[in-house]
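Hi,

Here is the structure I promised to send over. My notes follow below it.

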Amino acid sequence: MIDAHAHVGDPKFDNDRGAALDRAAAAGLGAIVCVGQNTDTARRALAVKRGGHPKLKLAATAGLHPHEAANAAAELPALLELAKLPEIDAVGETGLDFYYNHSPRDAQRDAFRWHLDIAKKLHKPVVVHVRDAHPEALEDITKAGPDAICMIHCFTGGPAEARKYLDLGCYISFSGILTFPTAAAIREAARIVPEDRLLVETDCPFLSPEGFRGKRCEPAFIINTARVLAEVRGTAVEAVDACTSRNAMKLFFNDRPPL
Ligand SMILES: [Zn+2]
C-alpha cells in the first residue's frame, strides 16, 4: 500500500517520526509521499525523504497551499528552486479553497496557475487541493492542458465532479473522509473512478479515518480507508492495494531525467 499524501514532515511528528514510519512499514505500507505546503514544510518533506527508511520508499513534494497563497510573493521563488530539484517528485500541494478563504480567491488562482505552469515545465505531477471551488479548478486545469498531470487529493466531490476531473486525465485520491458516515456522495464518486486513476492517502496528521477518530492521523491508519474503498467498489483490499500502488509508483516514484 502507498500513502499518496502525508504531511510526515509536519512538526506534529517531530517527537515520533521514526516510530510512525516504522508503524507504517509494519502495517504493510511500501511507500509514502511526503507533502510540503510551503517552503518550510517542503524542506521538511525533503529532509524526511533524504533521511530514508529501511523498508519504505519516500517521495517529496514542494508547493504552496491555497490557504497560504497570500504569501506567494515571499514563498514562490524558494519553492521554485526546490521544485527544480530532481529529488522533488511533484509540485504542490496547491489548489483552491473557497470554503475557508484563508487567502483571497484571486491570489489562490494566480498561485494555482503558477504551480500548473511550472509543473508542466518540470514534467512533474501536480498535487491539487480543492474545496468548494470545483468549477474554477476545472477551468484552470483545462486551460493548463493535457501536459498538466493532476492528482486531486482528499477528494470531497460527488460522482459528477469526479467524472469531470477524470475527463481531464486527473487522478483522484481518497482520504479518511471516505469512511465518515456522512460521506455518501464521496463513496459514490469512489465507485466510478477507474482502476488506473485511483489513489488512497491519509493526509496525516489531519483527518483520521473511522476507527481512529480523535487521534492524530498517521500513515498506518490508511488501511481503514482502503477497506472502505474496497467495500464500496465491491472488490478486495488486495485489489485496491494493487491498483493504487501501481498508480502512485507511476506518478511519484519514477526516476526522472536530470533537468
Ligand atoms: Zn495535504
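To start with the helices: at what angle do helix α4 and helix α5 pack, and how far apart are their axes? Helix α4 (residues 105–122) and helix α5 (residues 134–144) meet at about 30 degrees, and their axes lie 10 Å apart.

Before going further, some ground rules. This is a predicted model, in which local features need pLDDT of at least 70 and side-chain atom pairs count only at pLDDT 80 or more, while totals for chains, interfaces and linings use all residues. Residues are numbered from 1 along each chain as its sequence is written. Helices (H or I, at least four residues) and strands (E, at least two) are DSSP runs, numbered from the N terminus. Axes are lines fitted to C-alpha atoms, for helices over the stretch in contact, and angles run from 0 to 180 degrees between N-to-C directions.

**The helix pair**

With that angle, α4 and α5 are therefore roughly parallel to each other (angles under 35 degrees count as roughly parallel, over 145 as roughly antiparallel, 65 to 115 as roughly perpendicular and the rest as oblique). On the α4 side the contact is made by R109, F112, R113, L116 and K120, and on the α5 side by E136, D140 and A144; contact here means C-beta atoms, placed from the backbone, within 7 Å. Sorted by class, the contact of α4 with α5 holds five charged, three nonpolar and no polar residues (Ala, Val, Leu, Ile, Met, Phe, Trp, Tyr, Cys and Pro count as nonpolar, Asp, Glu, Lys and Arg as charged, and the others, Gly among them, as polar).

**The sheet**

Eight strands form an open sheet with parallel pairing, in the order β1-β2-β3-β4-β5-β6-β7-β8; two strands pair if DSSP finds at least two bridges between them. β1 and β8 are the edge strands, each pairing on one side only. On average, neighbouring strands of this sheet are turned by 25 degrees against each other, direction ignored.

Strand β2 (residues 31–34) pairs with strand β1 (residues 2–6) over three bridges, where D3 stands opposite I32. β2 also pairs with β3 over four bridges, and I32 stands opposite L58 there. β3 in turn pairs with β4 over two bridges, with A62 opposite V91.

Both faces of β2 are covered: A31 and V33 on one side and I32 and C34 on the other are all buried (20 or more other C-beta atoms within 10 Å of a residue's own; exposed means 12 or fewer, partly exposed in between, with C-beta atoms placed from the backbone). In strand β3 (residues 57–62), five of the six residues are buried, so this strand is largely enclosed by the rest of the structure.

**Backbone spots to look at**

Most residues other than glycine have a negative phi, and most peptide bonds are trans. G92 and E93 are joined by a cis peptide bond with omega of about 25 degrees, and E93 lies in strand β4 (residues 90–97). From C204 to P205 the peptide bond is also cis, with omega near 10 degrees.

D132, in the loop between β5 (126–131) and α5, has a positive phi of about 55 degrees although it is not a glycine. D132 is partly exposed, with 14 other C-beta atoms within 10 Å.

Best wishes

Technical notes:
Contact = placed C-beta atoms within 7 Å.
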